Amino acid sequence: MRAGIAAFAGGVILLYCIGEIPPWQGLLVALSGLAAIAAAYSPGRRALLLAVCVLAGLLWAGLHAQSRLDSRFPAALPTDVPFEVIGFQCSLSGPGSYNSLRFDFCITRWVSPDKRLADVKKIRLSLYGDHPESLPHQMRLTVRLKPPHGTVNPEGFRYETWLFRHGYDATGSIKASAPEQAECGVHCHYSEYRASIAGWLQRHYGTMRRYPLIEALVLGERRYLESADWERFRVTGTSHLIAISGLHIGLIGVLGAALARALLRCVPSRFMGSRARRRWVVGTSMLFCLLYALLAGLSVPTQRALVMAIVASVVYLRGRLSGYWTAWLIALAGVLLIDPFAPLDGGFWLSFGAVACLIMVFSGRLRRSGAVRSLLIAQCAIGFGLLPVSSALGLTAAPLGWLANILAIPWLSLVVMPVLMMGIPAGAFSEVLREPVMTVIDVVLGAMTGGLEFIASMSPPAATVLFSLSIFLAFVMLLCLFPVPNLLRRRIATAGAISVLTVVGCSAVMKPVNRFVERPELWVWDVGQGLSVMFRDGHDVMLYDTGPGSPSGETSVGSAILPTLRSLGVNRLSLLVISHGDADHASGLDELLGALPVDQVVSGDSERVRRLAGAKAKHFEPCQNHQPAEVGKGTVGFWQQAPKPVGSMIEGNDASCVVRIRFESAEIIVPGDISIKNEGLWLGDNVIAENVSRLLLAPHHGSKTSSGAEWIRQLDPEHVVFSSGFRHPYGHPAASVVDRYTKSGAQVYSTALSGALRFVYSSEGWIVHSLRNGAPFWIEPGRTPSGNAL
């Protein structure tokens, strides 16, 4: 049975490993044939049945994945045409970027008659400009929609994967809204009920300074948490504390069980035996878990935790006859049966990995450890045991996360959650108790956040651990914690400590060295409406611009560039160029300078760029009249418009620092956001060589104000790249600009349609790789601005 359960789970996971959806008809035929053979012949029956289970898991996941792909907003439909829909809010609304209101909307009826939209049911919407604090639950909306889309880079957060995993069929913005009755079923009433609870909680406790944290712990809603809160949790490795997961569900279950035991003490033993009492205790505990899960919105981690709690309760009622690993496998398969998209969620791997680590170090012990000792063992097992998982997911390791969790978990379990669960209802229904309850809540939450802030202030920067080193550390630590004789454990611990100290010592004294590349290559990152480019050759690396950011504090540097640089073996920058100080070119500069050593920084628009760099602004050199720099075999030349009158400042797009990289019989030109006027000035100051394989980044993302006819004629580029956002309101790249480059004979690309682009120069010219080509099935394949496949 256990092998069959594991095989089914492996089949579901296999779909996301191969990245393609096999034809369901072929899977069904293969599954039926193997099952028939297994039923008719006994030799090899077990292996055949395991294969049947694997195919069943693959078929189950594939059918769900194909259904979700079929319900997407068709890419062929225009995005500038408004649609009218009727439905209801299926999530709580919260603040978004650029003064917007963001929420999920479930469609019950399309007013638009297009049959291609019939399957589009769940969309993610934003309302920009002046808007009320809340909207009616059921509405008629006029919306502009586009397919689920996000940036695609080698590493980092992929919004498109997140949208697919959570079942969004489209994203868009609201142009008009009006209350209107929708077909309100169970899901609609449930969403309305949660919204009323959230409103009730906000009316009574919304004035508290730590209300965002209260709502996160009680309702599982993190809509009001700010970037500073997320940074604190990230640095201390305690983000799991604010996700309604196994810890919270377990706490509520324990509270329910304790209440049931207290009440059952009043029942004489002659009326109820021990087995009946156990069932009542477990039933009450599960009821509390279910009610709390419903209160928390049945989010993905909540569903996973609830399944694990139910399985653990069944094992407990059976007197542990099934075994811990059997329970773990049943919970794993149960989650994948309910939610076949779970493997796309990093929390899935972390939660089941954490439970596996705990089973490994506790299941073989002959005697129980004390509470403090058990907590230390658990944190060490989870902290080191999950290092390989975190490394594979591209997550950073918090150096003091073990300390933060050792202090925060007991405090949250024994103090914070009981105070919230008992104090909030008491304070809401009694005016006399409200002020004391608010004071107590503020004190206990303040103690937790204050402690985490103190640990975060002492903590070294979070770092990514090499996968090979993470496996070694996890293996050594789990061996040390495994129930083995003390002498062997001490020897393992000594050998592991010596090895770790040797590795850490060597890495501390050695200068960071970049991974060697044999041929020059250019990476154009997919950063949306912005620009960031990397050129490298040999051990030298140059980065041009850092991409955009948002008012919430999220930047392309943190979400894509730094994770990708680490994965490519880039540990220091030989040269950093910031074209000018616009937010779509220089956001996250301070974050980048704090994470990587940089040998030389050159910038146009120097004063604005220095302000963006903050305390990290050191050794900035002006672009104008700068001497050429060497990056590998490439010679990097710099140009900037001379100010008139001399000595005055140039700001804005025309302050861009234009970079020209020449090597062998090729050259790369990265012009920033210069206009047609500055294109002419650059052409007048530079000699344009002939018979050169030229790669050009289109000025100003392909705007109509750039890429003049003379610029294109003289440069005659072989490849042109537009770095722009997907169906962005600015309309970059302009159709007329794309047409001019295409007619000149250039091969044109757009990061919005191709994802990140890698150009490798060889003896045969440029070899182009698009990250969207070869991406898994839920990522749209790459294409050119003219609509052709790459």
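In this predicted model, Cys188 counts as buried because its relative accessibility is 1%, which falls under the 20% limit for that class. A disulfide joins Cys188 to Cys184, with the two sulfur atoms 2.0 Å apart. Cys184 is placed in another class, since its relative accessibility of 21% makes it partly exposed. The torsion about the S-S bond of this pair is -90°, and the link of Cys184 and Cys188 is left-handed.

## The disulfides

A disulfide is a covalent bond between the sulfur atoms of two cysteines. The structure holds 3 disulfides, and when the bonded cysteines of the protein chain are numbered in sequence order, the pairing reads 1-2, 3-4, 5-6. The table sets out the sulfur distance and the torsion for each pair.

| Disulfide | S to S distance | Torsion about the S-S bond |
|---|---|---|
| Cys90 and Cys106 | 2.4 Å | 95° |
| Cys184 and Cys188 | 2.0 Å | -90° |
| Cys623 and Cys657 | 2.1 Å | about 75° |

The sulfur atoms of Cys90 and Cys106 lie 2.4 Å apart and form a disulfide. This pair links distant parts of the chain, with Cys90 in the loop between strand 1 (83-89) and strand 2 (94-96) and Cys106 in strand 3 (residues 100-110), 16 residues apart. Both Cys90 and Cys106 are buried, and their link is right-handed.

For Cys623 and Cys657, the torsion about the S-S bond is about 75°, and the disulfide is therefore right-handed. Cys623 sits in the loop between strand 12 (620-622) and strand 13 (629-631), while Cys657 sits in the loop between strand 14 (634-639) and strand 15 (658-663), so the bond ties together parts that are 34 residues apart in sequence. Cys623 is buried, and Cys657 is buried as well.

## Cysteines and exposure

Cys17 is exposed, with a relative accessible area of 60%. Cys266 also counts as exposed, its relative accessibility being 66%.

## Salt bridges

A search of the whole structure finds 23 salt bridges, and several of them can be followed in detail.

One of them is formed by the side chains of Glu231 and Arg234, with a distance of 2.7 Å from N to O. Both residues lie in helix 7 (residues 227-236), where they are 3 residues apart, about one turn of the helix. Glu231 counts as partly exposed at 36% relative accessibility, and Arg234 counts as partly exposed at 37%.

The side chains of Asp537 and Lys633 meet in another salt bridge, at 3.1 Å from N to O. This pair links distant parts of the chain, since Asp537 is in strand 8 (residues 533-538) and Lys633 is in the loop between strand 13 and strand 14, 96 residues apart. Is Asp537 buried or exposed? With a relative accessibility of 1%, Asp537 counts as buried, whereas Lys633 is partly exposed, with a relative accessible area of 45%.

Asp599 forms a salt bridge with Arg572, and the closest N and O atoms of this pair are 2.6 Å apart. Asp599 lies in the loop between helix 21 (589-595) and strand 11 (601-603), and Arg572 lies in the loop between helix 19 (556-567) and strand 10 (575-578), so the pair ties together parts that are 27 residues apart in sequence. Asp599 is partly exposed, with a relative accessible area of 48%, whereas Arg572 is buried, with a relative accessible area of 14%.

## Two packed helices

Two packed helices are described by the angle between their axes and the distance between the axes. Helix 15 (residues 401-429) packs against helix 16 (residues 431-458) at an angle of about 165°, and their axes are 9 Å apart. Because this angle is over 145 degrees, helix 15 is roughly antiparallel to helix 16. Helix 15 passes helix 16 in a left-handed crossing. Sorted by class, the contact of helix 15 with helix 16 has 24 nonpolar, 2 polar and 2 charged residues.

Key
Residues numbered from 1 in each chain as written. Predicted model: local features only at pLDDT ≥ 70, side-chain atom pairs only at ≥ 80, totals over all residues. Heavy atoms only, no water. Disulfide = S-S within 2.5 Å. Helix = DSSP H or I, 4+ residues; strand = E, 2+ residues; numbered from the N terminus. Buried < 20%, exposed > 50% of the residue type's maximum accessible area, 1.4 Å probe, protein only. Salt bridge = Lys/Arg side-chain N within 4 Å of Asp/Glu carboxyl O. Axes fitted to C-alpha atoms, helices over the stretch in contact; angles between N-to-C directions. Parallel < 35°, antiparallel > 145°, perpendicular 65-115°, else oblique. Left-handed = near helix turned anticlockwise from the far one by under 90°. Nonpolar A, V, L, I, M, F, W, Y, C, P; charged D, E, K, R; others polar.
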